[in-house]
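Let's take a walk through this fold together. Have the sequence and the 3D view ready, and we'll begin with a term that comes in handy along the way.

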Amino acid sequence: MKAAKEAGALLSYDPNLRLPLWPSPEEAREQIMSIWDKAEVIKVSDVELEFLTGSDKIDDESALSLWHPNLKLLLVTLGEHGCRYYTKSFKGAVDAFRVKTVDTTGAGDAFVGALLCKIVDDQSAIEDEPRLREILKFANACGALSTTKKGAIPALPTESEALALLKRSTIIDKIMSWIFFWFVF
């Protein structure tokens, strides 16, 4: 981690909690938190948030209790409910995409991979909320698409598949807005 940081790498951390692989929950928490303060981008699932904070609440207060001074972006993935994001300057949520889910294995990995693919060469996107939201929509699309097939690796979507889902979603949003406008007015 030290060599990567000295070389200018963005340090990302996804604890990917698998309790059966640890001697105890306490050991898992201790080891996960042992490098927590070194990461600049951290992604936790709702289950990991509960585990790490000891709270059964999935809210801003719980998430921000994990914040540290070196952190640039904290993400909480919420499965079919999308994700929440936190930076030093802003916070918010991005909705999920509705898909026919077959297997959720690897959805978080697809999400993180898509996110990092988009910010690795331009980390300034983390400080620009509209750009970050677009990147998170793309990451949510990748995560959603990865649940539509069996297996983590075979289900990983291509960039064009994710962009097609984003485009379909935008068209549907416009149609729904138009229908709402005509029924309300």
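A residue is called buried under 20% relative accessible area, exposed over 50%, and partly exposed in between (1.4 Å probe, protein chains only). Keep in mind that this is a predicted model: local features need pLDDT of at least 70, side-chain atom pairs count only at pLDDT 80 or more, and totals for chains, interfaces and linings use all residues. Residues are numbered from 1 along each chain as its sequence is written, and side-chain values use heavy atoms, leaving out hydrogens and water.

Start with the sheet. Here 5 strands make an open sheet, ordered S1-S2-S3-S4-S5, with mixed pairing. Strands and helices are DSSP runs numbered from the N terminus (strands E, at least two residues; helices H or I, at least four), and two strands pair if DSSP finds at least two bridges between them. At the edges sit S1 (12-13) and S5 (91-94), each pairing on one side only. Further in, S2 (residues 41-45) and S3 (residues 73-77) run parallel, joined by 5 bridges.

Now look at the loops. Leucine 19 lies in the loop between S1 and helix H2 (25-34). Why is leucine 19 called partly exposed? Because its relative accessible area is 34%.

Isoleucine 153 belongs to another loop, between helix H6 (129-145) and helix H7 (159-184). Isoleucine 153 counts as exposed because its relative accessibility is 65%.
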